[in-house]
Each structure stands twice: as structure tokens, then as C-alpha cells.
Number of protein chains: 2
Amino acid sequence: MADIKQEPGIAVWRQISQALHQDISAGGYKPGEKIPTEAILSERFGVNRHTVRRAISVLVEQGLVRVEQGRGTFVAEDVVEFVVGERTRFTELLAAQKRTPGTQLIRAMEIPAGELVAENLKLRAGTKVILIERLGEADGRPVSIGSHYFSARRVPGLIAAFEKRKSITKALSDIHIFDYIRLSTRVRSRRATAEEAQLLKISPATPVLETLSINCDTDGKRIEFGISRFASNRVELRFDT
Amino acid sequence: MADIKQEPGIAVWRQISQALHQDISAGGYKPGEKIPTEAILSERFGVNRHTVRRAISVLVEQGLVRVEQGRGTFVAEDVVEFVVGERTRFTELLAAQKRTPGTQLIRAMEIPAGELVAENLKLRAGTKVILIERLGEADGRPVSIGSHYFSARRVPGLIAAFEKRKSITKALSDIHIFDYIRLSTRVRSRRATAEEAQLLKISPATPVLETLSINCDTDGKRIEFGISRFASNRVELRFDT
DNA sequence: ACGTATTTGTTCGTATGTATC
DNA sequence: GGATACATACGAACAAATACG
């Protein structure tokens, strides 16, 4: 890794900061990877730990690294920005950001609606609904768990269509629902459950961003109620007004 | 607390669920309060612990209580819904929800812009900016920490005006900025820092919802860059499209 | 559940160089 | 030169979070 040659007139911590910056930019340390401890760096550069800390604090400010007490300092992984709008579609969103989208089916089944689902789809609790649950990936890394609920009566044959087409948008179009728009989105945050942590490959201490969204067809009829949970360390939502 | 009289024909867990529901609605257990352990409840109702668990699971589904493994079961605190739109203003938002809004000044000062602030206000890093930081409360409970950054050059006298008027909107109007609208909002989530936890009166394990928003005047010039941190257990954001 | 090692966070104190008046 | 303020750098110790057996 880069060393410094003690240019006089420029503060040492600036030089160290720049050296580390280059190491990261050059790919010497990869996103998500741990960089050496403060103790090791201070020894390598032949300076006090404070000086290294000062240098690292600049990188934190720049968003290049993230420090976790007791664990170490990690190269920041670039976050995926989800632009949430009327017609947000998972796959198109990622493609627009030049990322490789991927989805994995977790489960697809018909179940009776719980209270929350029934309320949001304007059904009576217990009515049959179709649940499609899948894991969304960006560049091979899991970023979201999406639970999509549809009134079973309104989308007959959806599961079959989905299994053939592997895409919700395409499956809906197969059963003649060609467009749907997002009515409202609620956003919350909470700690990940054990299952979520496992699926999203995050630690259970990492929060998840949870969105509840209602999607309607062009007549304003409620087609879908979706709950998505995003790994907060890899995702940021954006709402333009 | 309510007891049950074992009405035949109705499942016991339903009766228990209803009994607990009434206790909570009647205010016997207050929001945030811990309800008795499953062991105690099962003894009180003279049923097996499984039956109590079945009853509680209904309340969880209804969002009335929240179960924390190893800690207990707690009456859910009602969440404040923040409807984020073009002209979201803290005080008006809460008033519209029939809640008593309150703000406390944390600090107001002039500082050089950091990288993040400079970028979002389209200034050079180091330019003087005004920072107003305040704690937002709903019904006396802290819900948000708002850091509001303004280009010092563009809002001369803002701090003085704010100190007199105690309101950002009013202070801006005093210096002839009568309207401003929200361009975009980014939403993230992360664990609360120690300071945030203390100010928001939450545990450090509770995540915060963080929004970054850019506000422009009617000419599209960037007036304010705001970072708000919400206590995720008391707040939910809503975006209508 | 507990102790130990590792790693970052915080707070002292000390010393030196640099810029300004 | 002298006085002062500020930035830089080092050292030591302890606190707090985490990982691991």
C-alpha cells in the first residue's frame, strides 16, 4: 500500500488521508472490506494514532469509509438509490442505475388476508389473497425483501403467470393488467428480524427500511399492497416532488 | 384488570384477546407500558401459556402491542404520521393531526460548510453557513432532530430573526423569503448515535429514520438543506404521489 | 453467562511550529 | 523581538463496543 514521503509544509494527516484515499480509489481496499486498524496504520506511517484518526475522519466526512466502534473501519459500499415514484418498478430502477438486477422467489402462495393486508386492499379479513415474496438483488448483493399481496379474486391465474414469466409486471400484463400506479408510500424503520438479517445478509443490529405501498389500476381500484424491507446499509430511498 | 367468564362457544383465546384489548383501550395499560408476562397472564386467566400467546398474537397483528423477546410485551405507542410533500412544515403537520407541536432550540450558529452541506447547497466547502438545530416534539414527546443549513450570504440576519420569532418559517418571512418548496427527499435509516438517543429519549438500539431534503425558493435557488432524524418507534413518513 | 482480547472513542497533558498583531 | 492564538503531533490512560472462546 501507498506510503508517504513527508512533504514539508503539508500536514501529515492530510497526506495520510490522501494516501488512503488513493488506496481505496485504486481498489486496494474493496467496498465492504476492512482497512487496517488504527494501530497498524499509525505504525506503518510512523505517526501517532491521533494523526491516523484525524486522517480517517476526513474520509468519513467524504463518505468513503465507515467506522464501527469495536469492529474496525470499512470501505463504504456504494448505496443503491431507489427513486420512488408513481411507476417505480424494481428491475427498471436498477437497470437505470447501471446495476445488474436480480430477483429470487422466496414463496408464492394463496393465503387468507390478515388485518393489515385486508385493510390496505379494502377487503374483509380472511379473504383469499395471493402473496408473492421475493428477494431483490443489485449486482448480486441482496438489497430488499418484497412481499406483494393481491386480491385473489382480482388477479386469477397470477401465480401461474408469475411462475412462467418470473416477473410481476409481466405476469400482470399476461392477465390483462397493463398498468398500475403507486398511490401512497409509508416509510418506517426498525431492527431487522433474524430471518430478514439472514436473507439480506446483514447483521441483526442493522436496521431495515420498511415501505408500505398501495398500487392501483388506472380505474383507481386497489390491485396490490406491497411491503418491502430494504437493507439500510445498502439502500437509500429518494422521493422527488 | 378485566377477567373473563368463559363464555361457551367462543374460543378462550378470543375472549382473552378481547379482554386485553379492552384493558388497553380503557387505558389500563398505557402506551409504551409493559403488560404482564405471559406466565402471569396465564395464571390470572387460568389457562395455559399457549392460549395467552395465541391471544397476544392477535393483538400484535392488530398493531396494539409489540413483543420483544426476552423483555416482555409492550403496548404500542401510537406513531405520528409525517406526510412529506412540497410544503411540509413541522408545526402545521402536527397541528393537522390534532397533536400539540413543540420545538426546542438545540443550537443556532454560523459555521463553515462541510462537504455534504456544501454539495447540497451548491456552495464551496468552507463557505459560511447558518445551522439551526432543533428538537421537534409531539404531545410533549421528542420525535425529531432537525438540522437546517442555510447559505449565510443568502439569508442575512436569519439567526436574529429566528431568535425573535422562534420559527424558521416566520424568521424566513421576516427576511423576505415567503415561500420555499421541497425539491427532493432522500430517506435512509441507521442506528441512533448516543447523542440522538439521548435527545430523542430512545434506546441506542432503536434505529432512526434520516431524511435529507433540499428546499428551494420560487426561483429554484437553493435556500435550505435539512437533515432530520426521526425516532423510528414513534414516527412513520408518508409520501403521496 | 462470563472473561479476555481486539478495536475504536474520549480525554487528559505536553511540546512544537506558524501566523498575526 | 514579544505576546498571543491556533494548528499540528505525540503519549498515556481509560471507556465502550465487539468478537470469541
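**Exercise 1. Determine how chain A is superposed on chain B and what kind of axis relates them.**

Step 1. A:Pro207 is the residue of chain A that comes closest to the rotation axis, its C-alpha lying at 2.9 Å.

Step 2. Both copies use the same surface, since 100% of the contact residues of chain A recur in chain B.

The model is predicted: local features need pLDDT of at least 70 and side-chain atom pairs count only at pLDDT 80 or more, while totals for chains, interfaces and linings use all residues. Residues are numbered from 1 along each chain as its sequence is written, and chains are lettered from A and ligands numbered from 1 in the order in which they are written.

**Exercise 2. Describe the side of chain A that touches chain B, by element and by residue class.**

Step 1. Contact requires C-beta atoms, placed from the backbone, within 7 Å; on this criterion 26 residues of chain A meet 26 residues of chain B.

Step 2. Strand 8, strand 9 and strand 11 (235-240) of chain A each supply at least two residues of that side, and strand 8 gives the most, with 9 residues. Helices (H or I, at least four residues) and strands (E, at least two) are DSSP runs, numbered from the N terminus.

Step 3. The residues on this side of chain A comprise 7 nonpolar, 8 polar and 11 charged. Here Ala, Val, Leu, Ile, Met, Phe, Trp, Tyr, Cys and Pro count as nonpolar, Asp, Glu, Lys and Arg as charged, and the others, Gly among them, as polar.

Step 4. Strand 8 of chain A and strand 11 of chain B run antiparallel and are joined by 4 bridges; pairing requires at least two bridges found by DSSP. Within this arrangement A:Ser184 stands opposite B:Asp240.

**Exercise 3. Identify the residues with the most contacts inside the largest nonpolar core, and list the contacts of A:Leu237.**

Step 1. A nonpolar core is a set of buried Ala, Val, Leu, Ile, Met, Phe, Trp, Tyr and Cys residues joined through C-beta atoms within 7 Å. A residue is buried with 20 or more other C-beta atoms within 10 Å of its own, exposed with 12 or fewer, and partly exposed in between, C-beta atoms being placed from the backbone.

Step 2. The largest such core has 32 residues, and those with the most contacts inside it are A:Leu209, A:Val235, A:Leu237, B:Leu209, B:Val235 and B:Leu237.

Step 3. With neighbours within four places in sequence left aside, A:Leu237 is in contact with A:Phe82, A:Val84, A:Val187 and A:Leu209, as well as with B:Arg186 and B:Val187.

Key: Two residues are in contact if their C-beta atoms, placed from the backbone, lie within 7 Å. Copies are superposed by least squares on the C-alpha atoms of residues with pLDDT of at least 70 in both.
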